[in-house]
Structures are given as C-alpha cells and as structure tokens.
Amino acid sequence: MKRINDAFEKQYGVRVDYWRASTTGILDRALNEWRAGQPSYDVIEGNKGPQLILKSEGFFIKFPPPSAAKFPKQFLEPDALLTPWRFNPISIPTTWSW
C-alpha cells in the first residue's frame, strides 16, 4: 500500500494513514470511533457482512462512484450506500468430510 499511498499523497496533498486489521478489528474500531463521534477514517473497505452492520447503524452516506455506472445493476445496492468492487467466492475443499 505504501506505493499507492505515496502516489495519492503526492497527487492530492492528502496524508494517508493506512490501517489494516481483521474483519472484527475493523468493525470494532469503526463502530467505537463512530459512536464516540471521533472517527479517524474516511474510507472503510471490508467484507459485506460487517459493512451491512455498519449500514444498519446509519454509518454511511450515499456515494455512487462514476465507475459503478458500468456495473451490472443486480450487484448494486438501490440506496447507493454500498458499492461493490469485487467479490470473494467461498468454497469447500475436497478434503472436507461431512
């Protein structure tokens, strides 16, 4: 992320403080900071489950990025509060036994 962040900072003059954690860690930090009225973030990326929890808390504003116009409509949220940019397939390995 350093190369991406450095290029972003150079182009836009905005400092990036990149933080990464487990899904639970991100959800806990985001909710705690938001509920305290002191969020230290501008963007959150993560799995859809935690994003839906944050959405149910009134966490997001509407932001349909221009690139979303090219996405298949069935993958877009009607309220434009969440915008997918990838999907994670889930599979069961052949070594699994019931």
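Is W34 buried, partly exposed or exposed? In this predicted model, W34 has a relative accessible area of 29%, so the residue is partly exposed, falling between the cut-offs of 20% and 50%.

Just after α2, G37 takes a positive phi of about 75°.

The largest nonpolar core consists of 5 residues: L27, A30, L31, L54 and F59. Helix α2 supplies the largest share of this core, 3 residues. Leaving aside neighbours within four places in sequence, A30 is in contact with Y41, I44, L54 and F59.

The structure holds 4 aromatic pairs; two of them are given below.

| Pair | Centre to centre | Angle between planes | Class |
|---|---|---|---|
| W34 and F59 | 5.4 Å | 50° | tilted |
| F59 and F60 | 5.2 Å | 80° | edge-to-face |

W34 lies in α2 and F59 in the segment after α3, so their pair ties together parts that are 25 residues apart in sequence. F59 counts as buried because its relative accessibility is 12%, under the 20% cut-off. F60, at 21%, counts as partly exposed. Ring pairs link W34, Y41, F59 and F60 into a cluster.

Definitions and conventions
Residues are numbered from 1 along each chain as its sequence is written. This is a predicted model: local features need pLDDT of at least 70, side-chain atom pairs count only at pLDDT 80 or more; totals for chains, interfaces and linings use all residues. Side-chain values use heavy atoms; hydrogens and water are left out. Helices (H or I, at least four residues) and strands (E, at least two) are DSSP runs, numbered from the N terminus. A nonpolar core is a set of buried Ala, Val, Leu, Ile, Met, Phe, Trp, Tyr and Cys residues joined through side-chain atoms within 4.5 Å. Buried means under 20% relative accessible area, exposed over 50%, partly exposed in between (1.4 Å probe, protein chains only). Contact means heavy atoms within 4.5 Å. Rings of Phe, Tyr and Trp (its six-membered ring) pair if their centres lie within 6.5 Å; planes under 30 degrees apart count as stacked, over 60 as edge-to-face and the rest as tilted.
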